[in-house]
Structures are given as C-alpha cells and as structure tokens.
There are 2 protein chains.
Amino acid sequence: MPEELLIDPKEDTTPRYKLIAEAVDNGDQQIAHDIISEASPDDQRRIIAQLDRQTREQLCELLPAEDTADLFENLAEAQAVELLEELPAGIAADVVEEMDADVSGDLLRELDQVDSEAILAEIDDQQESDELRDRVSYEWDSAGGMMSDQVVRFPATATVSDVLADLDNKAEEYSDADVQYFYVIDDAKRLIGVLTLRSLVLGRRSTLIQNLMLPEPISVSVHTKLEELEDIFDEKAYLGLPVIDEEGCLRGVVSRQAIEEALSENRTEDFLKSAGIVGGEELRSMPLRHRCTRRLAWLGPNILLNLLAASVIASYEDTLQAVIALAIFLPMVSDMSGCSGNQAVAVSIRELTLGIIQPRDYLRVLIKEGLLGITNGVVLGIVLGTIAAIWKGSLFLGLVIGSALTLNTILSVVLGGLIPLVLKRFKADPALASGPILTTCTDMCGFFLVLNLASMAITKL
Amino acid sequence: MPEELLIDPKEDTTPRYKLIAEAVDNGDQQIAHDIISEASPDDQRRIIAQLDRQTREQLCELLPAEDTADLFENLAEAQAVELLEELPAGIAADVVEEMDADVSGDLLRELDQVDSEAILAEIDDQQESDELRDRVSYEWDSAGGMMSDQVVRFPATATVSDVLADLDNKAEEYSDADVQYFYVIDDAKRLIGVLTLRSLVLGRRSTLIQNLMLPEPISVSVHTKLEELEDIFDEKAYLGLPVIDEEGCLRGVVSRQAIEEALSENRTEDFLKSAGIVGGEELRSMPLRHRCTRRLAWLGPNILLNLLAASVIASYEDTLQAVIALAIFLPMVSDMSGCSGNQAVAVSIRELTLGIIQPRDYLRVLIKEGLLGITNGVVLGIVLGTIAAIWKGSLFLGLVIGSALTLNTILSVVLGGLIPLVLKRFKADPALASGPILTTCTDMCGFFLVLNLASMAITKL
C-alpha cells in the first residue's frame, strides 16, 4: 500500500507540493487536507521540505489543528522544530495541544526558552501547560523526557466491574495501542500496584482491585537516564515500565519502544557527527546561512589542525626539493594510515556502545590493535613500497615509503583504538572528536616519517 | 540497580572472567551460573569478550542449555554467531532449542549453510527444526525474519470461556510481555480475525469468538520488507501486525519494536561501513587473521584509488620542483574539501533515510549544495589563501591555493550531495561506497587544481 502511494500518478504531471501551494493560495482547506492525509509519512516529509517557508507556515494555519498535529508527528524532528518556530505562538499552541505529550515535549525542548515559553503561555488549559512545562524540564534522554502519558490508572478502591465499565466507556481511547498495563494508585496518586489482564478477566466483578493487584511494582524515576533504562530493558522482557516522580506519583509509562527509538536517534547522531554534521541534524530546507555557519563551525578548527600537520612538511622543504617524488607519496601515506585508524575508531565506538569494552580497558585494546596494526602495516607497507620502488625505479625510495606506511599504520591503528576510550573517560563525545584528532596525528606522523626517513637516506635516493 | 552491578567490588580483586575460567577448569557449574546470572547484559558481553576461545566454549557446555540460551540472547549478535559456530553441533542444537525463534533464526541465518544445517539436523523435534529452517530461509529484514512466534491464536469455534480458561492455564507463558493481540484462525490455520481485549472481557462466556472478532484483520506477508513495514508502522499506531504466509496461514507477529531494532541495526551498520568496517561487525575477540583480512579487503581497493589521485601529482613534478611550497598545501586542499564533501554525503544519506529526498531529486540537491558550496568554498578559500600568502610571502601563491580550495570545495560539496543519490538509484550502498568515491574525486581534482593553477602562474610564484 505505501508502495502505491509513493508512485503517485499525479507526481508526473503536477508535483503535490505545487498542488498544496495552490490550495494554500486559494485558502482551500479541503484540498490541502486531502493531499496531506493521503500522503505517506515519507511523502509528507518530502512535501514539507519542498515547500517554501511562507507556504508551509500558511499550510499549518490553513489545516485544522488536529491535522497539523498529525503532520508534525510524521515529520523528522528537525523539520517539526523548524516549522514550530515559524508559526505564530497562538497557532503553535493549538497544534501542540493536539499532540501526544512525549512528542510535543521533545519539540518544545528543542526550541529557544523564549519561543517555548511563548507557546506554553498560549495554552488555555492550565493543567496541560503545567504538565508540559514540567516535561520540557526533563532531559530528552531521561525517563521523564521519553515517557508516554497514555497510562491507564485506577484507584485502589475500584472494583473489577468499575474497571471493566471504564474500559468499555473509553474503548476508543484505549484501543490506541500504547496501553499495555493497568496501574493502581492510592489517594495521593502514588503508584502502589499493577493489575494484570489475567487477574482482571478472572476476578469476581465485586472484588476491589487492591486485592488483585501485584503490589510494589518495579518502576523507574523521571530522572532515570537512557543508559540505565537500556540495561533494565536488556535484562528483563518488560514492554513498558511505570515512571514515578520524587513523591512516588505515577507520571507516565516509558516503553521499550521509546528506549529503542532514543538509542536509534543516538546512533544516527553519531553517524552525522562523525561526518562533521554537528550541533544537530541538518536539513536542506533550513536557511542557507544557518547551514553554512554550522558546517563551517566544524571545518574552521579543521584548518588549524591541517596547518599543524602541514607545518611538518614545511620544515622538510630541503628534503622535498632534493627528492620531489616524495611529494607524490606524502598524501598517500597519511590518507591510507588515516583509513586504517578510522576502522579502529569505529570498532572502539561500537564496542563501547555494546559494553564489550570499558574506558579502562586500554591494555586490551592496545594489544589487540597493536597486533592487527603490525600485520596490516607490514602488508600495506610491502605493497606500497614495492609500487614506489618500481614506479620511481629506486629501491631506497621503496624502503622509505614502505617503512613509513608500516610504522604510521601501526601508530594510527593503535591511536584509533585508544582515542575513543580516552574521550569517553573524560566525558567527551567519541563520535565527534575522534576523527579530527586521529587525522591530525596520523598526518603529522605520516609526513614526519616519510620526510625524516628520506632525509636520513637522502644520499641513496 | 544495573549501576551497582557495574561497580562490582570483585572487579578490583579478581576480574570475573578469571573467576569464570577457574570455575570452568574445576567444572563447577554452580559458580559459573551464579557469576553469569548476576552479571548485567553489558557485563556478560564484556566477560565473554575477555575469555579465550576454548574457555568460552567450555563455559557454554558447562552451563545448562537454558542458561546458555539466555546468555546468547544478551550477547551482541556478532559475538553470539561466533560462539555458536565454535560449539559442537549437538550442544549448539540444545541451546538453539531454548531460544526464542526470532533470535535463533537470526543467528542460524548468519552461519555457513553447512554449520547451520548441522545444528538443525541435531534438533530432535522435527516440527521445530522445520519451522526454524523455514525461518532461516526468510531475509533478515523481511517480516518473516523479524517476526516473533509468540502469538496467541484461537480457533474461530472456541467460546469466550474456552479462551479465558486457556489464558488462565497458560498465564505464565502469556505474561511474557510479547502478547498483545489475540488472533482467530480457521481450520486450515488461516488468519480470519482479531479479538480485542474489550470484546473478550465484555462478551458472554458462551459466545463463539467468531461472532466477537473483527474480521479481515490487517496483516503483512512473510516477505514484506523492512522499508515497507516502516512505512506501515509510521502511518498507524499498531504495536504489532500478524504475519501470514502464501497460504494465508498465521505464522507470527511482527512488532513495532522489532522494526525499530532492525532500523537501528541498519544505522549502526551504516556507521561502521562508512568508517571502513565492512562484511559485518568486527569484535576484537575475533581471530586476528579474520580481522586483518576483513579490514584489508576494504583498504586494498583504497590503495588503487590513492594511486589514481597520486598520479595527478606525478604528472606535475616540474611545477612542484619549481615551487616546493605547493607540496605543503596539496594535502591541505584535498583534506579540507574532502571534509566539506563528507558533510554533504552525511546529509544526503540522512535525507534519503527519512524519505525527504528521493534518488531522482538531483536538481534540488545540486542547487542546495551548490549554493552552500559556493559560500563555504569562498570563505575557506579566502582564509587558507590568506594564510598561504602571508606564510610564504607570495600573493600569487595565496591566490592559487585560495582559488583551488574554493573551486574544489564547490565541486566536493556538490559531488558529496549527489553521490549517495546516484548509488541509491543503482541499488548500491551509499554508506559503503560514497566515502572512497568522493575522496578519490576530491583528491584528484584538488591536486589538479593546485598544480594546474600553479603552472599557469608559474612565472609569478
């Protein structure tokens, strides 16, 4: 079914974003609604990315708040945040009220303090805005930031037939698949038990649920962090866990799926950061200035690191002048050992994520990568050395290039393995900083090794 | 709680893997069981990684099959596959029988055909081994490969009280949190309906469930692929969907969580592949030869690509000889524009994943990256050009380096944006191939631009 939606026959004639733009111009709510609601989430993201800033803002104002909220829930988070920022606070508040609290909390958390307060101030329902403000104050990767507020709770003094009647009345609401457990609370709204389906369907209708519930259920605090939640869900087969605040009151449920999504988001960020997209996800629909400055913020320091490496070459100009062929191999030696080192970085980051190594396992990594570095270094050194010797007809040049690559590969692989551990130990982000640090080190050492070995053998070259 | 487990006081005296090794030597099942079952999943992964090959094999043989199966489910997949390969087929079969079918299916699928058949042949229960063989035949990223077989099904002719009695009898089994829906099947085991909790608890005890069920439930085929499943779960709030085979028989349930896990695995693989870890995840506990050859398999072709780039330098040796300072800036220009291009690669891969762009959106990417490339290229060019001019006291050298970096950045950013689209269109893997292709192009062009501009201005340098 989604396949069919993707191959939309309209796409070949008039693209949907143009039809939407037309509908917005004509103020035709129905057409806009039809196009958006028929599009798959993928297509919704694409359409919004294709619309210009003004049109997408007008679209959000044109659609009923409920439709806009649905649309926001399907967008990539970075898109939704951007769009929410653009909307007038009053309209944004209407949309936010229609979203699930975990989604709206995530979005508001990403906004400026000022923007977020402006929207919260426009929410009519005082209780709702208080709850949202509360939620925004939790870290995105804490149980409070990830929990769903769709939790079914009953007072301990309810009977089985009260519960069944309630389930019947709110069937619509509960059919929303997030409901998996029934929680029992006391008068102060503190979590005191959990009710299983089985005890409910098999209990007598007049029994009080406090006599059927499992008391002292396992719960987590609103402040429990993602890593710890991951461990808990790893260990037990729970689908969800109740989240309580400092007073022991039931605030929501954090599901295994929410944890999985947060972890997945972390991995995506690692991928982006390791490629130099830092400070949050970039979408091409963002303003050019914003995109340029964010990318430059990462490239800028790189110039300095590159200069550092280049200064090594500068101090050996005489050697280069004497054997110009070295200039051909300088970038090769540094590039290739950089690649070898990056492989080790990736393995370390992965093993840290899985808990297979801890930041204190230096020795293990040193030995394992050292042995691999020696093997691969020798293989690559022999190959490149042979190529250099034959190409330039100089055995000694081959020896210089080959041994430089061998030594630099060993160094780079060991460093690549260790850098993420050191960064992690000092609470820095391995995905972000490992690459630039490693590259600078291997460039410097690579240039130094080639040029220093060459100047020692200069009479033979 | 997991926090406490991580800071194990024993760790400071005798590390747990040594205690395990001792227990294995003494054949002391109880101690081995205690240590393993008290360790968190993170710690289990770490302990197994620290044990040598023989000891971990003996540990698996020493522990009861059920314990070993639990251990396997906590390990990283690559670890579990490796360990399963090492075990004698008979013991491996006992362990496999104790695992959930989705886990054992994933592991067996990763083994050699021969190894996997040897284990399947040792499974006594013919039906179980047939089902597993079936499951192994599905792709890992299809509904058949991801589904859980923990599905609660009832014949259409059962009554409400039959169902309640069954739920009561199998309470233990069903309390395992995977059960969320009740499915109704006909005599041929074909899926014909779904039963909601509400209709069950509110129905009369003597009613046949075929009169209460929702007929023609939404289902997916065993062959439905991950991407399509992602779209379906994106669009609707299902927690799980029934999976049927070609005959319409109910085979299992694929949960939203399984989809999320598979997507997360994909992202991890993208991260590893983009750093040159290809052909599957690498763990440092794998044999050295295996790790070396897998890493070399990716580095080897890189030598050739590097040579291609270096040959550009080789053809301008005269220019280099005349202006040796160029050698300092050659690696800088190619490195820096490579970094700029990699940022564009990461954004394209991310936008493709989100569905924001399609492989056919060349023009959009060209324009968006072109504008950014011009801006950042000019900024970086001016900065590096100025540095070069001041450092070497030559305005013309500054102009050559600055304009080479500007032009190469524009090219690299545009190429970086487009390469993933082209690879995706030709069904190649953007995460794997984008980096090496981009680097080769930007190295070649960077070297060419610097050296060609320099030879045109040679009299002024």
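This is a predicted model: local features need pLDDT of at least 70, side-chain atom pairs count only at pLDDT 80 or more; totals for chains, interfaces and linings use all residues.
1. Domains. Chain A is divided into domain 1 (2-139), domain 2 (152-271) and domain 3 (302-456). The centres of domain 2 and domain 3 of chain A, taken over C-alpha atoms, are separated by 52 Å.

2. Nonpolar patch. Leu288(A), Leu363(B), Leu366(B), Ile367(B) and Leu371(B) make a nonpolar surface patch of about 440 Å². Helix H22 (residues 362-392) of chain B gives the most to this patch, with 4 residues. Leu371(B) lies in helix H22 of chain B and is partly exposed, with a relative accessible area of 45%. Patch members must have over 30% relative accessible area, a cut-off that the 45% of Leu371(B) passes.

3. A buried helix. Helix H5 (residues 41-50) of chain B has 9 of its 10 residues buried, so it is largely enclosed by the rest of the structure.

4. Positive phi. Most residues other than glycine have a negative phi. Lys189(A), which is not a glycine, has a positive phi of about 65°. Lys189(A) sits in the loop between strand S2 (182-185) and strand S3 (191-195) of chain A, and at 56% relative accessibility counts as exposed. Lys427(A) also has a positive phi, near 60°. Its place is the loop between helix H23 (395-425) and helix H24 (430-456) of chain A. Lys427(A) is exposed, with a relative accessible area of 76%.

5. Salt bridge within chain A. The count over all chains comes to 47 salt bridges. In one of them, Lys225(A) pairs with Asp141(A), with the closest N and O atoms 3.0 Å apart. This pair links distant parts of the chain, 84 residues apart: Lys225(A) is in the loop between strand S5 (220-221) and helix H17 (226-235), and Asp141(A) is in the loop between helix H12 (126-137) and helix H13 (143-146). Lys225(A) is partly exposed at 35% relative accessible area, whereas Asp141(A) is buried at 18%.

6. Salt bridge between chains. Lys392(B) forms a salt bridge with Glu317(A), the closest N and O atoms being 2.6 Å apart. The pair crosses between chains, from helix H22 of chain B, which holds Lys392(B), to helix H20 (residues 317-322) of chain A, which holds Glu317(A). Lys392(B) is partly exposed, with a relative accessible area of 27%.

7. Arg56(B) and Glu82(B) meet through their side chains in a salt bridge of 3.2 Å, N to O. The partners are 26 residues apart, with Arg56(B) in helix H6 (residues 53-62) and Glu82(B) in helix H8 (residues 77-86) of chain B. Arg56(B) is buried at 4% relative accessible area, and Glu82(B) is buried at 10%. Elsewhere, salt bridges that share partners join Glu282(A), Arg284(A), Arg291(A), Arg295(A), Glu351(B) and Glu369(B) into one network.

Technical notes
Residues are numbered from 1 along each chain as its sequence is written. Chains are lettered from A and ligands numbered from 1 in the order in which they are written. Side-chain values use heavy atoms; hydrogens and water are left out. Patches are made of residues with over 30% relative accessible area and no salt bridge: like charges are joined within 9 Å, nonpolar side chains (Val, Leu, Ile, Met, Phe, Trp, Tyr) within 5 Å. Accessible areas come from the Shrake-Rupley method with a 1.4 Å probe; for residues, only the protein chains shown count as cover. A salt bridge is a side-chain nitrogen of Lys or Arg within 4 Å of a carboxyl oxygen of Asp or Glu. Helices (H or I, at least four residues) and strands (E, at least two) are DSSP runs, numbered from the N terminus. Buried means under 20% relative accessible area, exposed over 50%, partly exposed in between (1.4 Å probe, protein chains only). Domain bounds come from an automatic or database domain assignment.
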